[in-house]
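Biologist: I would like to learn how to read salt bridges in a model. Please take me through some cases.

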Amino acid sequence: MNAPSVSQQRVTDLLAQWSHGDDAALAELTPLVYDELRRVAHHYLSGERRDHTLQTTALVNEVYLRLADQTNPRWQNRAHFFAVAARAMRQILVSYARTQQAQKRGGGAFKVDLDEVALVSQEESKEIVDLHEALEQLSALDARKAQIVELKYFGGLNYDEIAEVLKISRITVRRDWEFAKVWLYTELRSA
């Protein structure tokens, strides 16, 4: 794996300091992590349709609030932090998509935590929920492959970062990713 850049190493150092209760580290970490979370969300959104309504800022703000609100976090490193961020991003998207689908079916009033803007369109809601359900099925068959999809798709991590988080080789990550893509494609086409 390549040597981490100064900013990547600095993020890891600040996460460790924050884990040990240093609030000044959190203050310094915030702009570094927030910008990177925006890049991850933007990267994710760049693969969506042109007419999507997913709001990068609203999604990143909600993820960041969830992460910053943790008491006594135990971050291993930068990759671990962004793996947790990927999981939070997925949970937020799935939760919002399900709420939208319930509303579409005549559900009652609901609370939206994400600004006052639409996070995803109704068409995308079904796609997100379908992807989540397919990932849950994949997780039952092979949890590691599902986690790799989550880290790559929702977290924007590269093969090396995923390998570091999961403590497996880069080639295993790549093979599992290729398998998972084909499996998910087949599942989503049949849905």
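Biologist: Which side chain does Arg66 meet in a salt bridge?

Modeller: A salt bridge is a side-chain nitrogen of Lys or Arg within 4 Å of a carboxyl oxygen of Asp or Glu. Here the side chain of Arg66 meets that of Glu62, at 3.6 Å from N to O. The model is predicted, so to speak of local features pLDDT of at least 70 is needed, side-chain atom pairs count only at pLDDT 80 or more, and totals for chains, interfaces and linings use all residues. Residues are numbered from 1 along each chain as its sequence is written, and side-chain values use heavy atoms, with hydrogens and water left out.

Biologist: Where do Arg66 and Glu62 lie?

Modeller: Helices are DSSP runs of H or I with at least four residues, numbered from the N terminus. Both residues lie in helix 3 (residues 56-68), 4 residues apart, about one turn of the helix.

Biologist: Is Glu62 buried or exposed?

Modeller: Buried means under 20% relative accessible area, exposed over 50%, and partly exposed in between, with a 1.4 Å probe and protein chains only. Glu62 has 11%, so Glu62 is buried; Arg66, at 36%, counts as partly exposed.

Biologist: Which residue does Arg78 pair with?

Modeller: Arg78 forms a salt bridge with Glu161, at 2.5 Å from N to O. Arg78 is buried at 9%, and Glu161 is buried at 10%.

Biologist: How many salt bridges does the structure hold?

Modeller: The structure holds 9.

Methods: Helices (H or I, at least four residues) and strands (E, at least two) are DSSP runs, numbered from the N terminus.
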